[in-house]
Number of protein chains: 2
Amino acid sequence: MAQQHLDPTDPMAGPVTGDALAGYLRAQATEFLRALRLHRETGGGTANGSGPHGSGSPADPVDAARALRRAVRRISGSLHTFRPLLDSDWSESMRPELAWLSGTLAMEHAYSARLERLLLALHRLSGAVFPVQTAGATAGTARPGRSGPPAPPAAPDRGNLTVGAAKAGALLERQLTLARTRAHSTALQALGSSRFHAVADNIAVLASEVPLVPDATTIRLHPHTVAAQDRLTDAVTALPLVTAGHPYNAEALIHGLAPDPAPHPQDTPWHQVRLLLRLHRYAREVLQGPNAPVDVRLLAAGQALDRHRDASEAAAAAAQAARTPRIAPATAYALGVLHADQRHEVEAARFAFQQAWQKQTVGTP
Amino acid sequence: MAQQHLDPTDPMAGPVTGDALAGYLRAQATEFLRALRLHRETGGGTANGSGPHGSGSPADPVDAARALRRAVRRISGSLHTFRPLLDSDWSESMRPELAWLSGTLAMEHAYSARLERLLLALHRLSGAVFPVQTAGATAGTARPGRSGPPAPPAAPDRGNLTVGAAKAGALLERQLTLARTRAHSTALQALGSSRFHAVADNIAVLASEVPLVPDATTIRLHPHTVAAQDRLTDAVTALPLVTAGHPYNAEALIHGLAPDPAPHPQDTPWHQVRLLLRLHRYAREVLQGPNAPVDVRLLAAGQALDRHRDASEAAAAAAQAARTPRIAPATAYALGVLHADQRHEVEAARFAFQQAWQKQTVGTP
């Protein structure tokens with residue numbers, strides 16, 4: 001795969017064509033099969049939460065699950081961006097299945113990370129400085145979030161939380177642990193279903209034989225990566241970046257107490273940009289190959305949007321928990337503070353994205 | 001008073017001495033007496049809230065009360081900064097009395113402004129965009145805050161608030177209106193007390209004859225204004241300005257849920273700088289006279305610290321209201337969101353101060 005080492009911006013380099021796409025898809029499919037084997041071997045399918053997480057085992061079900069999600073996202077994204085190079089019947093049938101699998105596999109991790117983010121925030125808001133171990137971090141595919149230090153295997157300490165913060169923490173833990181357990185069961189059922197086996201069989205075929213259109217090896221990838229980048233740029237242009245670049249613009253908490261049950265439609269275009277940025281990043285991977293240098297500014301922009309999404313969903317979870325019937329006022333108060341805190345995280349993430357993107361635009365050759 | 005037009009940084013200018021201080025104190029004492037007369041004429045002493053506020057009368061009791069507070073603060077500050085130039089027995093006996101008067105006169109306005117700030121925030125958080133009229137804005141010395149547009153005389157509209165936001169607003173209105181009414185009565189009682197008459201008599205004397213030390217007309221003011229500036233600079237140096245200059249540092253909400261009943265000791269040094277900045281500003285007024293150009297950067301720094309103080313106290317009022325027994329969880333939740341919102345205002349104000357101060361330091365000749 002000589003084209004993997006080509007610089008696509010080098011006008012002297014040969015054109016990168018469907019060959020590179022086939023190579024990329026084969027590699028991702030192989031990675032998927034490896035992760036799936038690992039996931040089965042390491043008991044990723046046991047729901048009792050007594051997995052080997054934290055024991056230092058190299059065959060970590062958390063890592064296996066992450067590798068699975070990672071490969072599925074990349075295959076799915078490449079099918080989207082480079083659609084014209086692939087057999088259309090095959091890719092059209094695969095895409096909804098990959099979206100289903102990707103969504104199903106992501107939920108357990110999302111609930112787990114959301115709970116950890118909220119408990120860490122509660123501790124920060126209570127003036128505590130020690131790391132938090134979420135109660136269920138050993139179960140299934142749970143994994144410590146980016147934001148925290150590696151958590152020692154200790155029980156959560158609510159010693160220096162107020163009653164309200166402690167009760168809010170317990171309520172969130174109950175609700176999100178239940179949601180995570182359900183997501184875990186759903187993922188297990190999915191991985192045992194005939195629907196999954198059909199997808200896995202398709203990916204196994206992909207590992208050896210990519211269904212390209214007949215002339216794919218003469219079709220250049222570059223216009224498609226440019227189109228992906230254009231879709232990203234257009235979506236970014238539509239974002240309120242001027243506002244986001246003014247610190248403390250107080251935009252993210254507007255409608256924080258609005259009667260509207262879907263509280264934050266303002267987040268949607270940012271979530272959309274997050275997905276387009278990911279597609280752009282995967283398209284670059286296809287073009288540049290696995291040894292391409294990491295674009296740190298693109299990485300920073302993507303991390304800001306991940307943080308935006310995580311904080312947005314954590315804020316919604318706090319608001320949702322506050323609607324639990326018969327909670328104490330102190331619990332509701334703590335959840336209100338927590339909601340607002342996470343909405344400000346949303347605003348902070350937009351600012352961080354704006355800063356990263358500005359460098360991006362200036363710095364791109 | 002020729003020295004009023006001198007530039008104190010001009011090395012060719014004659015020295016500014018105790019004469020200028022005497023002139024400044026006479027002018028402020030005269031202003032105090034004028035405001036006091038106006039306050040009595042305009043019924044600033046009637047507590048029934050049916051004053052002429054909003055009628056366009058030039059003799060507004062709100063303006064009169066503000067002018068009173070303004071003059072008292074300036075006299076008090078000058079006695080502090082230029083202590084060695086004034087008869088020590090006289091100034092030592094006056095200073096606690098002026099502090100008492102200044103504090104007593106400030107309370108009613110403070111409660112009124114706090115309520116307006118919190119109701120505006122509740123409306124902002126509910127996605128409403130119309131201006132708010134606080135229910136008691138016509139009473140006594142109440143006055144619309146800086147932040148809002150001039151409020152039309154309309155009843156507060158809670159039409160598009162959620163139940164929680166509306167209930168939180170009603171609770172805050174009840175509690176802060178009660179506090180304001182009490183402060184109004186206290187101020188009235190103070191203005192009718194023999195203690196006040198003694199202060200007013202002293203200020204009346206000051207309007208014609210300032211008790212300077214014998215050689216005051218040969219003592220230069222400059223070292224004392226420099227000392228006031230040094231005290232300010234030292235206090236600013238001790239502030240966490242590097243942190244404050246990083247947007248979204250999330251410092252202000254730390255301890256937002258802490259068990260400590262005095263929730264925000266971190267605000268104290270900022271409040272202290274606010275007072276020192278005011279003393280510095282008054283010392284400049286003494287030195288440069290009433291026609292000196294306004295230092296817009298000093299003004300911006302001072303406004304940021306006013307906003308810091310206002311938001312800090314509004315956040316505390318929201319937290320305090322949440323401790324009301326038997327409130328609904330939805331009310332408590334809204335108060336939690338409101339508290340966190342105001343703590344982020346605190347953080348935003350620190351950022352604004354840091355930005356203004358940085359310009360300050362760079363720009364000062």
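1. Is B:Leu172 buried or exposed? With 25 C-beta neighbours inside 10 Å, B:Leu172 counts as buried, where the criterion is 20 or more other C-beta atoms within 10 Å of a residue's own, 12 or fewer making it exposed and values in between partly exposed, with C-beta atoms placed from the backbone.

2. On provenance, this is a predicted model, in which local features need pLDDT of at least 70 and side-chain atom pairs count only at pLDDT 80 or more, while totals for chains, interfaces and linings use all residues. Residues are numbered from 1 along each chain as its sequence is written, and chains are lettered from A, with ligands numbered from 1, in the order in which they are written.

3. B:Leu172 belongs to helix α4 (residues 163-192) of chain B; helices here are DSSP runs of H or I with at least four residues, strands being runs of E with at least two, numbered from the N terminus. Once neighbours within four places in sequence are set aside, B:Leu172 is in contact (C-beta atoms, placed from the backbone, within 7 Å) with B:Leu115, B:Leu118, B:Ala317 and B:Ala321. B:Ala322, which is 150 residues away from B:Leu172 in sequence, lies 9.5 Å from it in space, C-alpha to C-alpha.

4. The geometry of helix α5 (residues 194-208) of chain B is consistent with expectation, because its 15 residues at 1.5 Å a residue should span 21 Å and its end C-alpha atoms are 22 Å apart, the expected span being 1.5 Å times one less than the number of residues. Seen down the axis of α5(B), the buried residues fall within an arc of 50° (taken from the directions from the helix axis to the C-beta atoms), so they line one face of the helix.

5. Those buried residues of α5(B) are B:Val199, B:Ile203 and B:Leu206, and they pack against α1 (18-41), α2 (61-81) and α3 (88-125) of chain B. On the other side of α5(B), the exposed residues are B:Ser194, B:His197, B:Asp201 and B:Ser208.

6. Turning to chain A, there are 10 helices and zero strands, and 45% of its 365 residues count as buried. Among chain A contacts between residues at least 6 apart in sequence, 80% join residues at least 24 apart.

7. The domain assignment, whose bounds come from an automatic or database source, divides chain A into domain 1 (17-208) and domain 2 (220-363). Across this division, 26 residues of domain 1 of chain A are in contact with 29 residues of domain 2 of chain A, and α4(A) gives the most to the domain 1 side, with nine residues.

Conventions: Contact = placed C-beta atoms within 7 Å.
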